Amino acid sequence: MDTVDVLIVGGGIVGLATGMALAETRRPAVAVVEAEGEVARHQTGHNSGVIHSGLYYKPGSAKAKNCAEGRELMYRFCAEHGIPHERCGKLVTATDPTELPALDEIERRGVANGLTGMKRLDPAGLREHEPHVRGVAGLLVPQTGIVDYKAVAQAYAARIEAAGGRVRTSTKFLGCSREPDGLAVETTAGTVRAKLLVNCAGLQSDRVARRCGVEPGVQIVPFRGEYYELTPAAEHLCRNLIYPVPDPRLPFLGVHFTRMVGGGVECGPNAVLAFRREGYRLTDVSGRDLWELARYGGFWRMAARFWRTGLGELYRSLSKRAFWRALRRLVPEVRLADLVRAGAGVRAQAVGPDGKLVDDFVIKQAERMVHVLNAPSPAATASISIGRSIAETAVKQLGR
């Protein structure tokens, strides 16, 4: 691995999809380095396992385009590789008449993004598909599915190595310097010389960019999403996926019910500020990470805009009863005793200097470099499509 054409920093699903696209279709010498002891340890391995339809995204955005293409590529890839998955559909439920205009807008976006077979439901129709849901209206979206993204990422890694590439775990990126004919990339496993670097470092992506001498223009702010699970006796309350109508101001979808491909029903997530970039627990705190946030004006502008929402999310994080009340808006029969604390994930959310939560994918090019600085949901769903796009950009830089 001392010399490669393309070195990819980050062994999450986007980095691995990019490596797979390069190794299989363009055949430059490719290596992926991952700081953790295995691939998919962070965002990829901690999400809710939903194959998104492309319902919510602004028509024409990179999210919308990549999700539409990537969704079908994901279903095909899973079928070809025997990865458990299911196209089960989901129900977006308006629990109050004031949510109907937002539900109308979501349906309009879904049509604009090419979704077919969506069905608007009245209260009786809601109960037909999800007998325990209560609401004034709903939207049934058949394209949504469930999968184990960790298994998908492992299959991507296997494909890279089968095509002659390398995936090296327990190898942390340290820095990068330019040489006359390429880059010298310092890692904990030694120096790697590469013609091109692709930064897919997720929660650390802005820091990797800066260590490469590139100003990212955004800063990663980590948001922890916490989950509960339904007890086995309560799993009958959710057949498939049940979502609320989301707040259009935020890139989060609200607390929802998700049947998991391996069994069980997950409830969540909320969205609270994490005190460490890999802060999966409330007690995970990093002085360095907090100091970076405190120094960033964009963070304070964001906080000024959403402080009420943030306090509500924090209260729900600290109070199981508050979390339960949010779930009961969708499924009134769920009891407090039906909820068991489960895992958590951390979302790498890019925030601009103006305090706005960056909603779309952000990919920044520099000489001999491609930096993926914001790849939130539906990045896992769209990973094959995004990976091919990044690979095309890399190949153009290589001049092949």
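**Reading the model**

Guide: Arg368 is partly exposed, with a relative accessible area of 27%; buried means under 20%, exposed over 50% and partly exposed in between, with a 1.4 Å probe and protein chains only. This is a predicted model, in which local features need pLDDT of at least 70, side-chain atom pairs count only at pLDDT 80 or more, and totals for chains, interfaces and linings use all residues. Residues are numbered from 1 along each chain as its sequence is written, and side-chain values use heavy atoms, with hydrogens and water left out.

Visitor: What is the phi of Arg368, and where is the residue placed?

Guide: Most residues other than glycine have a negative phi. Arg368 has a positive phi near 65 degrees, and the residue belongs to the loop between β19 (362-366) and β20. Helices (H or I, at least four residues) and strands (E, at least two) are DSSP runs, numbered from the N terminus.

Visitor: Is Ala40 buried or exposed?

Guide: Ala40 is buried, at a relative accessible area of 2%. Its phi is also positive, about 60 degrees, although Ala40 is not a glycine. Ala40 is found in the loop between β2 and α2 (43-46).

Visitor: Which residues are joined by a cis peptide bond?

Guide: Most peptide bonds are trans. Here a cis bond links Gly268 to Pro269, with omega about -5 degrees, and another links Ser377 to Pro378, with omega about 20 degrees. Pro269 sits in the loop between β16 (265-268) and β17 (272-273), whereas Pro378 is in the loop between β20 and α11.

Visitor: Which way do the residues of β16 point?

Guide: In a regular strand the side chains alternate between the two faces of the sheet. In β16, Val265 and Cys267 point one way, Glu266 and Gly268 point the other way, and all are buried.

Visitor: Which strands are joined to β16 by bridges?

Guide: Two strands pair if DSSP finds at least two bridges between them. Strand β13 (residues 219-230) runs antiparallel to β16 and is joined to it by 2 bridges; Glu229 has Glu266 as its bridge partner. Strand β15 (residues 256-259) is also antiparallel to β16, with 4 bridges, and Arg259 stands opposite Val265. β15 and β16 form a hairpin with 5 residues between them, and Gly263 in the turn has a positive phi of about 110 degrees.

Visitor: How many residues has the largest nonpolar core?

Guide: A nonpolar core is a set of buried Ala, Val, Leu, Ile, Met, Phe, Trp, Tyr and Cys residues joined through side-chain atoms within 4.5 Å. The largest has 45 residues, and Leu16, Val152, Tyr156 and Val198 have the most contacts inside it. Among the elements that each supply at least two residues of this core are β1 (3-9), α1 (13-26), α6 (149-162) and β12 (190-199). A second, separate core of 28 residues includes Ala194, Val208, Tyr280 and Val358.

Visitor: With which residues is Val152 in contact?

Guide: Contact means heavy atoms within 4.5 Å. Leaving aside neighbours within four places in sequence, Val152 touches Ile13, Met74, Phe77, Cys78, Ile83 and Val147.

Visitor: By class, which residues form the lining of the second largest pocket?

Guide: The lining has 7 nonpolar, 9 polar and 5 charged residues; Ala, Val, Leu, Ile, Met, Phe, Trp, Tyr, Cys and Pro count as nonpolar, Asp, Glu, Lys and Arg as charged, and the others, Gly among them, as polar.
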